[in-house]
Amino acid sequence: MTASTTASTTASTTGPTTGPLTVALVEDHQVVVDGVRSWFGSHGQVELVAQGPTIESVRGTPADVLLLDLNLNGTMVVDRVAELCAGGQRVIVFSEHEEPETVRAVLDAGAAAFIGKGRATRDSCLETILEVAADRPSMTPPMAQAIATDEGPHRPQLSDKERAALLFWFQSMSKASVAARMGIKERTVRQYIDRARVKYAAAGRPAPTKEKLLICAIQDGLLQPDEVTVYTSLAARTPRSGVSA
């Protein structure tokens with residue numbers, strides 16, 4: 001598909017079900033396009049289905065992920081990110097403009113991730129694309145730096161107990177299991193989780209679902225993606241005699 005494609009950009013919201021994961025690339029430097037295409041070609045599970053030098057040039061091509069350069073023909077398109085995300089598109093910004101304020105601006109506008117061109121490798125780029133396409137939270141070096149240097153009031157401050165309750169809950173533990181793990185009552189666990197939601201809502205970033213709360217917590221550096229592993233209880237890990245599998 002070339003830059004001649006027209007109509008509105010659309011995207012899958014549940015991830016690819018059959019065939020390779022699809023990506024549309026908005027990039028005005030052919031050398032970058034060729035490099036990205038070579039990365040995808042050697043991977044086999046990711047396909048570049050559209051590319052062009054403007055957002056309009058890839059409209060109409062259904063893609064699991066839109067990879068977007070911010071500086072197109074000398075014009076910054078930070079203000080277009082919210083528009084794309086509002087339409088349901090999964091957007092990954094792929095840019096050399098890694099200033100923390102720029103990264104925060106696109107993340108606040110709804111971008112799922114930010115990849116810095118200066119630090120991008122084939123493996124890191126593909127890993128981020130796969131995470132975003134699967135609707136899993138992603139954290140790249142520019143994102144981590146932007147979060148670490150952000151002192152804005154929209155980053156809620158959670159207590160150690162609230163953070164611990166969220167972490168255990170995100171590890172697929174029930175609230176009752178979280179309570180047992182922390183040595184507190186289940187209603188206290190609910191209070192910790194509800195307080196975290198209230199803090200995010202007060203900051204203008206409502207997180208009504210577990211998935212949204214997890215994404216917010218990771219984006220804000222309150223949790224690291226590798227901390228969110230599936231918890232397996234000791235009972236589940238230890239086979240009991242006399243019980244068939």
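Trainee: Which residues of α1 meet R122, C125, L126, I129 and L130 in α4?

Mentor: This is a predicted model. Helix α1 covers residues 30–43, and helix α4 covers residues 122–133. On the α1 side, the residues that meet those of α4 are W39, F40, S42 and H43.

Trainee: Are α1 and α4 roughly parallel or roughly perpendicular to each other?

Mentor: Their axes come within 10 Å. The crossing angle is roughly 75 degrees. Angles of 65 to 115 degrees count as roughly perpendicular. Therefore α1 and α4 are roughly perpendicular.

Trainee: What is the order of the strands in the open sheet?

Mentor: The sheet has 5 strands, with parallel pairing. β2 (46–52) and β7 (113–116) each pair on one side only, as edge strands. From one strand to the next, the twist averages 25 degrees. The order is β2-β1-β3-β6-β7.

Trainee: Which residue in β6 is the bridge partner of L68?

Mentor: Strand β3 spans residues 65–68, and strand β6 spans residues 91–95. The two run parallel, joined by 3 bridges. The β6 partner of L68 is V93.

Trainee: Is R90 buried or exposed?

Mentor: R90 sits in the loop between α2 (81–86) and β6. Its relative accessible area is 7%. Buried means under 20%, so R90 is buried.

Trainee: Leaving aside neighbours within four places in sequence, which residues is Q157 in contact with?

Mentor: Take A196 for orientation: along the chain, A196 and Q157 are 39 residues apart. Their C-alpha atoms are separated by 8.8 Å. The contacts of Q157 beyond four places are E162 and K199.

Trainee: Over which residues does pLDDT stay under 50, with 49 contacts beyond four places in sequence?

Mentor: The chain has a mean pLDDT of 81, and 85% of its residues reach 70 or more. Residues 231–245 are below 50, and that stretch has 4 contacts beyond near neighbours in sequence. The stretch with 49 such contacts is residues 1–17.

Key. Residues numbered from 1 in each chain as written. Predicted model: local features only at pLDDT ≥ 70, side-chain atom pairs only at ≥ 80, totals over all residues. Heavy atoms only, no water. Contact = heavy atoms within 4.5 Å. Pairing = 2+ DSSP bridges. Helix = DSSP H or I, 4+ residues; strand = E, 2+ residues; numbered from the N terminus. Axes fitted to C-alpha atoms, helices over the stretch in contact; angles between N-to-C directions. Buried < 20%, exposed > 50% of the residue type's maximum accessible area, 1.4 Å probe, protein only. pLDDT = per-residue confidence, 0-100. Parallel < 35°, antiparallel > 145°, perpendicular 65-115°, else oblique.
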